[in-house]
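Let's take a friendly walk through the charged side chains of this structure. Have the 3D view ready, and follow along as we go.

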Amino acid sequence: MTPLTNSLPPVWENAGFLFGFVLSILILSFIIRDSWLVRAAQYLLVGVTLAYTVVLVWSNLLWPRLLSTLLANPLSITDGPDQSISALWVRWVPLALGLLLWAAGIDYLRGGRKQPPRAWLRHLAAFPLALLVGVGLGAGIAGALLGTLIPQFRRASEIGPLLDASPPLLLATLLTLAITGGALLHLQLGRTTGDSRFPTPLRPFLAGWAWLGERALWLTAGVIFARLFAARITLLVARLDALFFGQQINDFWRWLMTLWQGG
Amino acid sequence: MLKTHDSITDTHRMFAQRSPWINRIALLIVALTAALILADRLGITPLTRPAANLLYGWALLLSAFTLLLGVASVLWIHLGRIQQGSAEWPLSLLLVVAFVLVLVAGLAIPGGVTSPLLEWTFDAIIAPGQATLFALTGFFIVAAAYRYLRLSRPGGVWILAGAILTLLVQTPLSQQALPVLFVGFADWLLLGPVMAAMRGALLGGALAALFAGIRLFTAPSK
Amino acid sequence: MSSTFGCPHCGKANPLDATFCASCGTYLKGLETGSLSHPPTPLSPDEEAGHSKAKAEQTAENLARSQPWLRSDFEKADPPAQATPAALDEQPWLRPEEEVQESQTPPKPRPQRLVAGLQGLIEPTDVEHSLFQPDTSGAADSSVADLPYEMRRELRQIFAADVPILDEPTSHTPTSTQPGGHGRGLWRHNWVYGLLLAGILLALWAGNAPANSRPHSWPGVIDAYNAIDSLPADSIVLVNWAYDPTTAGEMDQASLPLMEHLLEKNVRLVVVSQLPGGPATARRLLALARSSASQAALSRQLGESLVEGGYLPGGVGSLALLGQAPSQAIPVDIQGRSVGSRVVLETMEKSAPALLLILAARSEEVQRWLEQIQPIYAAPVVVVSSAAVDPVIRPYVDSGQISGLVSGYAGGIAYRDILADAVPTARQESQRRHITGQNWALAVLLLVIVVGNLAGFVERRET
C-alpha cells in the first residue's frame, strides 16, 4: 500500500493487497475465458469507481466551492479576487442551472420510453446545456487557432532558414514540407485528387503529392504501432511484475509466513 | 478539438428534440457564449475578461452536475436490471451494493477521498483493477499484429517497415546489435517524416474542427 | 412500431425526425426517403398526412430490419436479422469513413455502455468479442485495396486503447464469450496470449538482462532535464497530472525521476488533474518521490510548497480558467481546505509559472493543455508522456511549443541516468526485469508477425 493509509491497522494493508491480487487475477483470466467471475470483478470495479467519483466531485467541487459557502453566507460577496461579482452570479446561478439539469435528467430517467419527459423541463434544461456547449466551442476554437493552427502553420512555412542551409538540411526540410502538405492533401481529399474538380494539368501533381502523403502516413502508422506496443507491453510487464515478483508480494508472503508460524 | 466535436454533437442532439423557438434561443446562447469566449481569448477587448471567467466557472460547476447525472443514469440502468430480473442482475446488484458501501464510507467519514478508508479502497480495488484491465490491451495489440501487420495489406510494406525499424531500435536487446547509423536513421525518421505526417494530420484535424464549428452556425438544423 | 430508428454508423436510437445522430453526428435525413436519386414529389395535405404516417412506419420497418437490435424482442430472437445492404449501397457516404466497399458486412450492433460519459474513469467499453472473429470477407479480400469495415473498427479500438469489458449480458450467446476462441486454426488467438504470457513471466523470473542494458533514449530527454535543472529555487511549476491507475504502470516509471528532480530543486508545485483518478495517483507518486528525496529537499517541502489543486472537470473551460484566474479555478485543495490565500497562487495570478509540466498518457491531454494554458502563460512546457503519444506530439516539439519530452519507461531510465542518482537495489532489479520483459515480448511479437504473414500467404494460395 502507500504511506497514505498508515492510520489503518496493519492487517488492512495485507488484506487490501490480497483483495487487489484476487481482483487482478480474475480480470486477467479474461484471456482464457470470459466467465461470470471476470464480469463480477468488472462490475465491482465499476461500482466502486463510480462511488469514488461521486465522493470526489462532492467533496472537492460541489460542497466546498458551492454549497458550503452558500449555506454559510448566502448573499455574501464572493471571496475571490474579483470583489465586484456577487454571490448571486458566482454561486446561485450555477446552482440553479445545475439543479435544472438534474431535474430534467431525473425526469427523463423516470419516464423513459413509457412516458415522455416533461417538455417544459426539457426545454429549460436546454439553457445550461447551451452554456456548456458555447463555452466548449469558444474555448475549443480559440485553442485550436492559438495553440495548433497558427504555430504549426507558421513552423511549416518557415523558409528563412532554408536560404543558408546546407544541401542535406535543405533536402530534409523540403522533404518535411512536402510530406506535411501531402499528408494534409491525402487526409482532406483522399483518392479524389484526380477527379474533375481540379484542372487537368494539376491532377497528376496533386495525385503524386497525395501519394507521397499516403506513404508517409502508412510509415507513421507503423511507427505509432511500435510505440503503442512499447507502451502496452510496459503496462503488462509492470502489472505482472507487481503481481508476482514485486516488493509487495514478497512482503505479503513474509507476513503470511509469520502468521502461519506464529500460530 | 475533441471537446469541440463533443460540443457540436451535443448541440445537434439539442436541436433535434426541441421546438424551433427553443432551438433558436439555445443557439443564440451558444453563439453569444462562444463569441464572448473567443473575443476574450483573442484579446479583442479586456472588458470581456470578468464575464469569460464567470462563464468558465459556471462550466466547471455544471460539469460536476452532469457528471453526477451520468453516474445516476448508469445506476438507473442497473437498478432496472435488478428490478426486472434481467440477465446478470446479480452482477448489477453487486455493482449497486459496492457503490452504496463506498459512497456511504466516503460521505460519512471526514476527509472525502483523502480519508484512510477511501485511500484504502483506491489502493485495494481501483488502482489494481484499472491497471490490470488496461494491461490486457498488451495481449490484444500482439493479436492485432498477427492480423494486420501483413505485407499483403494495403500499405503493408510501409507499415511493417516503420514498425519493425522502430521495434528493433526501441528494444534494448536488439538495439545493442544494430549499427549506430541504423539507430540514427530511426531518430531522423521520427523527427522528420513521421513528425511531418503528424503535422499534416494535426492541421487537417484542426481545420476540420474549425469548419465544423462554423457550419454549426450556418446550418444548424438542416 | 418503433418511433425511433438506429443510426447506420453507430447504432444509437434517434427520433424519426432527427437530422443528425445524437451520438456521432452522422447526417440522417437521407434515410427517410431511402433513395436520394428520387426527389420527393409534392403531395396534398391529406395525402401528406397519410403518407407521413406510412413513411414513418415504412422507415421504422426498414430500419428495424437493418438494425434488429431495436426490436423489443431482440434478446429473445435467434440469429439477428441480416441487415439489408440496400440503404448502405445507395448512400455510401453513410458508411464509416465514407469509403465505398465492394462487399461489406453491415456494422454489428454496439452494446450499451457500462459506463458512459465519465471522463477518464473507464475507457469506452465497446464490445470486443468481434475483434477476434475470423475475417469472413474471404481470403481474396486480403488483396482488396481497403480493409473491410470490421477490421478498421478493430484497429480503431486498438489505437483508442479500448478495454475489453463485455457489458452485454452474455447468457444467450455463450460462444461469443471466448475472447480468443473464434475461428479455425491460427485465427484462434489463445496461442498468442499464451505465448506472450509465458514469455513475459519467464522473462520476469529470469531477469537476466545485463545490469548496464539500456533502452534507446528518444530525442527530447536532455532538453527536459535542462529545462528543469535551470529552474531557480522557489519557482512555481504548474503540473497537469493527466494519467490515472490505468496507465500508471508506464507513466510512474517515466514521471518518478522528474518528480525527484523537481523536489531536489526546491520548486513549488501546483498539481491539478482532469481525471477522477489523477489526484490520488499524484499523491502516491509524490509520496514515493519524497521517500527518496534528500533531507534538505524534504525540509522545504511543507505547506506552501505543494498545492494539490485536486480534480478539475469541465475540459477546456476549466483549463482556460486555470490559465486566466488560477485562484478561482482552485479555491480549495483536494482535502477541501481553502487555498485562495496561498502565496503560490497569488504569485501565479501576477506572473506566469516558471514551467508547465504535463504528465499525460493521451495526446488529447497534451494538446488541450498546449491550446488552453500555454498561450496564456507563455511558459516553457515539459511533457512526460506514454510511448504511444510520442510520435503524435512531435510536431509540437518541432515548433518549440514543447521544450522537452520524456516518453515511456525508456525516457524515465534515460532521465535517471542523466540525474546520475543512486538507484535502490530493489528498483535496479525491477528495472532489469522490465528490460528483460521488453526483450522477450519483442521476440514473441516478431514471431507472431512472421507467422501472421505466412498464414496470409498460405490463405492466398488456397483461394
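**A network of charges**

Glu119(B), Asp123(B), Arg283(C), Arg284(C) and Glu308(C) are joined to one another in a network of salt bridges. A salt bridge here means a side-chain nitrogen of Lys or Arg within 4 Å of a carboxyl oxygen of Asp or Glu. Side chains of opposite charge can pair when their charged atoms come close.

This is a predicted model, in which local features need pLDDT of at least 70 and side-chain atom pairs count only at pLDDT 80 or more, while totals for chains, interfaces and linings use all residues. Residues are numbered from 1 along each chain as its sequence is written, chains are lettered from A and ligands numbered from 1 in the order in which they are written, and side-chain values use heavy atoms, with hydrogens and water left out.

Now find Glu119(B). In its salt bridge with Arg283(C), the closest N and O atoms are 2.3 Å apart. This pair crosses between chains, running from helix 5 (residues 116-135) of chain B to helix 8 (residues 278-291) of chain C. Helices are DSSP runs of H or I with at least four residues, numbered from the N terminus.

Glu119(B) also forms a salt bridge with Arg284(C), with 2.6 Å between the closest N and O atoms. Glu119(B) lies in helix 5 of chain B and Arg284(C) in helix 8 of chain C, so this pair joins two chains.

Are these residues buried or exposed? Glu119(B) counts as buried at 2% relative accessibility, and Arg283(C) is buried with a relative accessible area of 13%. Buried means under 20% relative accessible area, exposed over 50%, and partly exposed in between (1.4 Å probe, protein chains only).
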